Amino acid sequence: MRNGVNRVLLVFGLLLLVFSNGYTAPVFFEGEEYAVFEQNQLKGLADKKGHVVIPPEYDDLGWTTGEIYLLENVIGFKKNGLWGLVNLKNERVTEPLYNSLNRFNESLIVASKKLPYNSTIVYGVINAKGKAEVAFNYLRLTVNDSHLIAMKYENNRYVHGVLNTHGEVIIGLDCDEVEPLSPALYVAIKDNFKAVFDIRGNNLTGFSLDSLTRFSDLYFQTFSNGKKGLISMDGEKVVSPQYKELTLENGKIRACRFSEWQSFDDKNTLIGSFEYDQMDPRGQGIYRVRIGRAEALINEKDSLIAPFSNAEILEHFGQWIAIKKDGKYGVLHADGSIFLPAAFDSVKFENNHFLIRHKRDGKRGWSIIDQRGEYINKQVYDAIEWIGDSYFKVQRDKYWGVINSQGAEKIYCKYDTIIQYTDGKLLVKFMGEDGILNMDGTWEVMPQKKEIEIVDPIRYLVRSPYGSFVAYYPETMDFTAEYFLYKNDQGFLEKTNDNKYGLRNADGERIIKPDYITISELYEDSIYLARADNGFSFITKSGSIVVANDNRFQDTKGMSEEFVAVQIDHKWGFVDINGKLRVSNQYQNIGLYHEGLAPVKILHRWGYIDKMESLIVQPLYDTVYNFHNGYCEVVKKGKYGLINSKGELVVDCEYDAMSRIKTGGYLIVKENKIGLVSRTGKLMILPRFDAVTDLNNGFVIASRAGKFGLFSNDGVSIIPMIYDALIYDNYKNIYLASSAPVWVDL
């Protein structure tokens, strides 16, 4: 008992001595053998018995992190701002050379020091004897369990990797960033893509991940191009990102696949397969694909051209593809690289140049960018529009001018509008008057208060209430006319002040006097039908009147196959181009001849006659159409059928609708179901489809109950009706068929 009392008194006496001499008493924690104490702002080390092991002569003792653990009877000390190693005998193992000392494990220390020649702080690893175990070659070494995350500066960039205790590289120092993911995993970043490594340095995923999130206590979820995968915390199970959705049900992982898209030719030969939510062609071997709201471009080998993003992929023009992102427009190359960033209000493509609307030099307007991506105009314009050759008309401050494809301003912006460009000549309006400019800005035809048209590269037309004339440039008269002239396909339409019409040819020769209320188009490259107050005239292309003011005719429906449909005494018939009645005017209504047959209406029903007026098809129908290749749709009691040129009913009138497809055959509708008959009326496909799309290539896409398939026009099934979607790729002449997503157990 007395010895115990003496021990307490000894400790108490020691504490009195400590406090009386400016000491701060050491504080011990459970398991600690030594503690730091302080005297006069200097630190020393004492054991549990109060014995001073290292006298208080250092600025600090322990490690830079604040820990005090000894390492093989060695501890760090700080003197004059630098750290060194000292043992329990207060013998310096190293001089204070280091900026920091941090305990790595039971025998190693991460140290840093300044390089002597440029003061750069570098990191390495030393042992308890101060010997370098890992060379001082790193800008940072961060302890993570039994590894070191290292950073260096190489090739003008900071690179990261992972080292083991011997300094051997576990994860190569070529990463943009490395972080611990779990006790068994690291995540590394390179070129904005992530990879997961195990602690042995094995790359478990490749640099293919966009991101990772915690999925459960056992798994991380990985994301790549909108697809999801898994990796276990220990790295033993890796599921590559290929799924639309992943769930954990009763401890089991279930995965939902994407819609599977398969490509087929017109013989149902499988060409390739893809897995995306949506897919559609965007060029030769280029496809827009979608996962959720993110879109990307791929090629026919399912390789990414443009990565997934929230950009909307729009139309393509040649080797470029327009995109829209966050309300702004840009352009990609066909290989997916950015040609123009999505930074513009609008993008158009005209004459191999890009017209963009944006804000430039404080002004919002239009610029032109060439195929090298360079601006060709020095300033923005209020509007830009290609007018022909290499010229663009441009508007600035409400006035118009012209620049060329190199951006040079050929015509200064001072004109009210630019109406027309033809072969180096510009029709403009200047101060309310029409004139014609050369491309050097000189007047070819001075502005005047008359209407002007450019006729061709060598002539122009001037029109006014006092008459019109056509002249050669600059002012050599070609011909004159006392009335208004308007250029048309045959030459010139002539119009009098009292709205009577005539025609002149391209040389100005009058073909038809301006005596008519209307003049028709030129029928069959031979006859005009002209109407006057006192009847109709038939006039040849050269201007010869073969029928003059025939007042028998009350109206006409035009001409076909040299027969003119006319109304005489309120009944319809046909005359030839000489006005001779060839089909008697006895019909309520008629249509023009096609393939030698014309529809006629008798007693409120339609039939067909030939040119001899023989009744080929009895008037049995409510509505009829024109013959094509010897067949014609007809309607009876609201139902459609098909007849041939002999009047034979080859498809009974039992369908609700019928429409001819371009490559032959007819789509038929019955009770809201669609089928197909051949061009000769043979039933190829019963009306059983919900929808049918004619592809104009000899095939149709049909759907029923949400399933799609491909059929030939003769009714042969090419691609079975088992798919949830079917798209025709007209760039490659192939078909893309998709199946619904399915769930699987992993």
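Reply: Start with the elements: helices (H or I, at least four residues) and strands (E, at least two) are DSSP runs, numbered from the N terminus. S703 is found in strand 75, which covers residues 699-704. This is a predicted model, where local features need pLDDT of at least 70, side-chain atom pairs count only at pLDDT 80 or more, and totals for chains, interfaces and linings use all residues. Residues are numbered from 1 along each chain as its sequence is written, and side-chain values use heavy atoms, with hydrogens and water left out.

Me: Why is S703 called buried?

Reply: Buried means under 20% relative accessible area, exposed over 50%, and partly exposed in between (1.4 Å probe, protein chains only). S703 has a relative accessible area of 9%, so it is buried.

Me: What does S703 touch?

Reply: A contact means heavy atoms within 4.5 Å. Leaving aside residues up to four places away in sequence, S703 touches F689, D690, A691, F708 and M721.

Me: Why does K237 count as partly exposed?

Reply: The relative accessibility of K237 is 31%, so K237 counts as partly exposed. K237 lies in the loop between strand 21 (227-232) and strand 22 (238-243). Among the residues K237 touches are Y219 and L746. K237 and G591 are 77 Å apart in space, C-alpha to C-alpha, and 354 residues apart in sequence.

Me: What makes a set of residues a nonpolar core?

Reply: The members are buried Ala, Val, Leu, Ile, Met, Phe, Trp, Tyr and Cys residues, joined through side-chain atoms within 4.5 Å. The largest such core here has 15 residues, and Y276, M279, V289, I298 and F308 have the most contacts inside it. Strand 28 (286-291), strand 29 (294-299) and strand 79 (734-739) each give two or more residues to this core. A second, separate core has 14 residues, including L71, L85, I109 and F136.

Me: Which residues does Y276 touch?

Reply: Among them are V289, I298 and F308, and also K227 and W261.

Me: How many helices and strands does the protein chain have?

Reply: The protein chain has one helix and 80 strands.

Me: How do you know whether the protein chain is spread out or compact?

Reply: Compare two values. The radius of gyration is taken over C-alpha atoms, and the globule rule is 2.2 Å times the number of residues to the power 0.38. For 746 residues the rule gives 27 Å, but the protein chain has 45 Å, well over that, so it is more spread out than a compact globule. Its C-alpha atoms fill a box of roughly 155 × 70 × 35 Å, taken along the principal axes.
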